[in-house]
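Hi everyone, thanks for coming.

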Amino acid sequence: MIRIEGVGHAFGEAGNPRRVVALESTTFEVARGELLCLIGPSGCGKSTLLNVIGGLATPSTGRVTIDGQAVKGPSPQKVAFVFQDNTLFPWRTVIDNVKLGMVYQGVPKSEHDDRARESLQAVGLMEFADHYPAQLSGGMKQRAQLARALGLRTEILLMDEPFAALDEQTRMVLGEDLSVLLAKTGKTIVFVTHSLVEAVFLADRVAVLTARPGKIKTIINVDEGHPRKSDFMTSPKLGALRNELYELLHDEIRKTVR
Ligand SMILES: Nc1ncnc2c1ncn2[C@@H]1O[C@H](COP(=O)(O)OP(=O)(O)OP(=O)(O)O)[C@@H](O)[C@H]1O
Ligand SMILES: [Mg+2]
């Protein structure tokens with residue numbers, strides 16, 4: 001469904017001493033209904049890659065296609081983002097934050113309420129629809145942001161370390177819930193994470209990026225159906241894949257942290 005072909009991205013003009021080549025000849029595909037995790041050292045270009053896929057940045061080389069069509073800019077009908085930081089408007093209630101995404105996407109107003117309730121239900125936040133973001137825990141804020149993205153009913157979700165600011169236990173529960181949602185909705189998801197365990201727990205495949213300039217080092221198959229339950233978290237299979245990822249990443253991380 002998503003094809004990334006020879007994508008490279010540099011910040012700054014050629015010859016500029018501060019030019020940074022973030023990505024280099026990155027090629028891979030994401031199948032419809034797949035959850036692909038991107039993992040790699042800090043600064044290797046994961047967020048840049050996600051922005052390029054979502055049309056928020058134009059690659060310096062190569063191209064991205066979605067269903068065969070070249071991505072030329074943001075396409076809110078097809079792609080929704082969930083970021084790490086809290087991007088909820090503090091002066092709006094949870095349900096109004098969810099509806100706001102629909103305003104920008106041009107969803108007819110008559111549908112806002114039904115859609116917002118459905119997506120709040122899906123993330124287990126219906127009880128807090130009329131609360132303000134400041135009245136929510138960190139995990140609930142991330143659920144609300146996920147609900148806002150779900151309300152857009154896009155086929156593709158791009159998630160940039162959505163659970164990174166949360167404690168490990170909340171994160172595990174949100175991961176389980178995301179796996180359930182994936183099984184139900186069949187969305188295509190590209191998910192950036194630094195957590196090896198989270199990557200294996202969630203992903204159908206994990207793409208390991210090299211140190212900057214980032215490119216695909218290897219792609220690991222997890223080969224496990226969704227929804228995934230807590231028993232997968234403690235399974236030898238998950239442990240073995242996590243160790244494999246650790247081996248692959250360790251050398252790359254050494255190149256960036258001295
Ligand atoms: N707008 C920008 N202008 C200039 N350089 C940038 C910009 N955005 C990112 N970079 C540079 O591009 C490189 C890749 O950044 P990016 O944010 O994509 O990395 P990342 O893999 O997401 O890192 P992290 O894991 O820390 O989030 C970094 O060296 C960064 O300094
Ligand atoms: Mg990033």
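**A sheet and its ligand**

Let's start with one pair: leucine 209 has isoleucine 216, in S10, as its bridge partner. Before going on, a word on the source: this is a predicted model, where local features need pLDDT of at least 70, side-chain atom pairs count only at pLDDT 80 or more, and totals for chains, interfaces and linings use all residues. Residues are numbered from 1 along each chain as its sequence is written, chains are lettered from A and ligands numbered from 1 in the order in which they are written, and side-chain values use heavy atoms, without hydrogens and water.

Strand S9 (205-209) and S10 pair in the antiparallel sense over 5 bridges; pairing needs at least two bridges found by DSSP. Strands are DSSP runs of E, at least two residues, and helices are runs of H or I, at least four, numbered from the N terminus.

Which order do the 6 strands of the open sheet follow? They run S6-S7-S8-S3-S9-S10, with mixed pairing. S6 (79-82) and S10 (216-221) are the edge strands, each pairing on one side only.

Now to ligand 1. Around this ligand there are 14 residues, the closest being Ser42, Gly43, Lys46, Ser47 and Thr48; a residue counts if one of its heavy atoms lies within 4 Å. H1 gives the largest share of that shell, 3 residues. For polar contacts, we look for N or O atom pairs within 3.5 Å. An N or O atom in the side chain of arginine 212 is 2.9 Å from an oxygen atom of ligand 1, and a backbone N or O atom of glycine 45 lies 3.0 Å from an oxygen atom of the ligand.

Terms used:
Polar contact = N/O pair within 3.5 Å; in protein donor to acceptor, adjacent residues only side chain to side chain.
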